[in-house]
Amino acid sequence: QVQLVESGGGLVQPGGSLRLSCAASASIVSRYVMGWHRQAPGKQRELVALIVSSGSRSYADSVKGRFTISRDNAKNTVDLQMNNLKPEDTGVYYCNAQRFRDIATRDDYWGQGTQVTVSS
């Protein structure tokens, strides 16, 4: 069983920056699709950024140009650098790792989440 542990959340003013980190208990970050999701109060969880095994990255339109996802294969970590934060970025941020073993079997792991609050 893989464990994911997020850190780095907190309270920040609009326009500020935060860096989230996700530490995996096994060497998976280069082999799995690693993603950061967030859930705002009263809203569904949404995917904000992901990085695949090839290193290709994708972002939700709402965070493009402001957030950057990166990974360190040696440290088994995936980070999310968040710049120019807005109040609408507030929510609980979750790290996710998933891969398909075959057409019917998927490994899917989640961290416990870290709170990000953007407020003046």
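Me: Which residues does Ser-17 touch, not counting residues up to four places away in sequence?
Reply: Contact here means heavy atoms within 4.5 Å. With residues up to four places away in sequence left out, Ser-17 touches Val-12, Gln-81, Met-82, Asn-83, Asn-84 and Leu-85.

Me: On what basis are these values given?
Reply: Residues are numbered from 1 along each chain as its sequence is written, and side-chain values use heavy atoms, without hydrogens and water. This is a predicted model, in which totals for chains, interfaces and linings use all residues, side-chain atom pairs count only at pLDDT 80 or more, and local features need pLDDT of at least 70.

Me: Which side chain makes a polar contact with the side chain of Ser-17?
Reply: Ser-17 is found in the loop between strand S2 (10-12) and S3; strands (E, at least two residues), like helices (H or I, at least four), are DSSP runs numbered from the N terminus. A polar contact is a pair of N or O atoms within 3.5 Å; within protein, one must be able to donate a hydrogen and the other to accept it, and residues adjacent in sequence count only if both atoms are side-chain atoms. At 3.0 Å, the partner of the Ser-17 side chain is that of Asn-83.

Me: Is Asp-79 buried or exposed?
Reply: Asp-79 is found in strand S8 (residues 77-82), and its side chain joins that of Ser-21 in a polar contact of 2.8 Å. Buried means under 20% relative accessible area, exposed over 50% and partly exposed in between (1.4 Å probe, protein chains only). Because its relative accessible area is 14%, Asp-79 is buried.

Me: Which residue's backbone nitrogen lies 3.2 Å from a polar atom of the side chain of Thr-114?
Reply: Thr-114 is found in strand S11 (residues 114-118) and, at 11% relative accessibility, counts as buried. Its contacts beyond four places in sequence include Glu-6, Leu-20 and Tyr-93. The backbone nitrogen at 3.2 Å from the polar side-chain atom belongs to Gly-9.

Me: Which strands stand at the edges of the open sheet?
Reply: Four strands form this open sheet in the order S1-S3-S8-S7, with antiparallel pairing; two strands pair if DSSP finds at least two bridges between them. Each edge strand has a single partner strand, so one side of each is left without a neighbour in the sheet; the edges are S1 (4-7) and S7 (67-72).

Me: How many bridges join S1 to strand S3?
Reply: Val-5 stands opposite Ala-23 in S3. S1 and strand S3 (residues 18-24) run antiparallel, and the number of bridges joining them is four.
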